[in-house]
Amino acid sequence: MNINYVIAKTYIFSNKKLTGVAVLGVVLGMSIYIFMNSMMVGFDKSSNASIFKSTSHIRVYKDDEISKPLIENSDAKPIIINPKVVPVNNTIINPNLIMETILKQKEVTVVTPQVNSNVFYNNGKSQISGLSVGIKPDEANLMYDIQSFMVEGNFELLKSNPNGIVIGSGISQKMNLAINDNINLTSSKAVNRTFKVVGIFKTNNSNTDKTKSYINISAAQQLLKEGTSYITDININIQNPEDAEQVAKKIESITGYKAEGWKQANETLMAANKMRKMIITFVSLTILLVAGFGIYNILNMTVSQKINDIAILKAMGFKGKDVIRIFVTQAVSIGIMGVIGGMLLAVILITILKTVYLGGDIGYFPIDYEIKKFAQGIIIGLIITFFAGYIPAKKAANVDPVEILRK
């Protein structure tokens with residue numbers, strides 16, 4: 001077996017240019033595969049992190065009801081033939097009992113009530129529309145980690161100030177508001193109330209920052225002329241966000257209210273992410289396959305050039321499996337060198353791009369070292385190079401030494 005490896009080593013170093021070209025192809029293919037897949041994971045993490053700054057894993061709420069025919073007997077015509085949305089109160093009945101029931105589920109980590117109120121923000125003659133969210137500060141901070149994206153003020157002050165409000169940076173800029181300034185809110189029920197700005201947050205989601213604010217849940221209930229039991233949403237975080245859809249179905253069957261997972265609530269974004277994954281996976285695999293074809297062509301050329309050597313080896317007693325081992329060893333050696341070089345190049349690219357600030361809703365370039373993608377790249381790269389060497393090796397193994405030597 002040692003002599004097979006010696007021959008393979010001789011073939012590798014006897015034509016250094018061809019070997020170098022093959023290794024370079026694997027280096028580029030491997031680095032681009034790891035880079036693009038790490039970037040894909042980075043974009044997903046960045047996208048999900050942006051979503052979870054203002055969206056819980058699961059939202060429980062009372063869904064709109066559709067009117068049904070008054071007579072459902074098949075023998076009689078229905079009185080109502082054009083079903084419409086029935087306007088009903090969207091409050092959750094007995095929310096405390098519902099939350100206690102949800103908390104008993106082993107997958108659930110945080111549960112908090114919420115009251116959403118569509119409002120107009122008023123400051124002098126300036127007026128913009130938006131959404132004011134009534135929360136319990138401690139629970140909401142535990143769920144969304146609001147304190148982590150505060151840029152001014154202190155979110156903790158919202159607990160001690162019933163007239164406090166935390167606004168998005170977009171609202172602050174548009175209305176020229178700073179900490180301790182007053183802002184007037186007008187609700188959809190025509191209730192006016194003045195709040196004191198105790199904090200300003202920035203999620204890097206421009207739409208959220210320009211429209212959203214947080215107030216105490218009791219203040220939101222007053223804006224809507226409702227009592228302390230009025231709750232529009234119950235937000236839930238679970239241990240694994242990827243299980244949100246399954247847990248939502250379970251909670252829906254237990255509570256009788258509509259439970260919506262975060263992926264269902266962001267279907268357009270999820271569809272865009274899925275399409276991006278398909279494109280990146282296809283492109284990166286194609287590049288690796290091209291590198292594999294490069295190795296195949298080089299080894300195929302080597303087989304053609306060394307056909308007399310192969311005939312002599314077989315005449316000396318080398319078997320077909322020995323010939324296969326020689327060329328597969330050559331291919332895998334090229335693959336290993338390419339994989340190592342590709343990983344180093346990928347690390348360099350990722351390290352450089354991590355420091356690039358893009359601004360806007362993205363911030364720094366969303367990429368990081370993904371060990372799983374490195375491992376996938378190594379396995380796929382070695383498999384491709386193995387078969388790229390095995391196919392011409394199989395051809396070489398079938399050479400008839402008598403016919404070659406006669407020529």
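The largest pocket of the predicted model has a volume of about 750 Å³. Its lining comprises 34 residues, and I51, S54, T55, N205 and N266 are the ones that lie nearest the centre of the pocket. By class, 18 of the lining residues are polar, 10 are nonpolar and six are charged. Among the contributing elements, helix α2, which spans residues 16-52, gives the most to this lining, with five residues.

A nonpolar patch is present on the surface and is formed by M275, I279, F282 and V283. Together, these four residues have about 410 Å² of accessible area. One of them, V283, is found in helix α11, which covers residues 267-305.

Most residues other than glycine have a negative phi. In N180, by contrast, phi is positive, near 75°; this residue lies in the loop between α6 (169-175) and β8 (182-187). A positive phi, near 55°, is also found in K225, a residue of the loop between α8 (217-223) and β11 (233-238). K225 counts as exposed because its relative accessibility is 61%, and the exposed class requires a value over 50%.

Methods. Residues numbered from 1 in each chain as written. Predicted model: local features only at pLDDT ≥ 70, side-chain atom pairs only at ≥ 80, totals over all residues. Heavy atoms only, no water. Patch = residues over 30% accessible without salt bridge, like charges linked within 9 Å, V, L, I, M, F, W, Y side chains within 5 Å. Areas by Shrake-Rupley, 256 points an atom, 1.4 Å probe, with all protein chains shown as cover. Salt bridge = Lys/Arg side-chain N within 4 Å of Asp/Glu carboxyl O. Helix = DSSP H or I, 4+ residues; strand = E, 2+ residues; numbered from the N terminus. Buried < 20%, exposed > 50% of the residue type's maximum accessible area, 1.4 Å probe, protein only. 1 Å grid on protein atoms, 1.4 Å probe; cavity = no way out; pocket = protein on both sides within 12 Å on 5 of 7 lines; lining within 4 Å. Points joined across faces, edges and corners; volume = space filled by probe spheres on them. Nonpolar A, V, L, I, M, F, W, Y, C, P; charged D, E, K, R; others polar.
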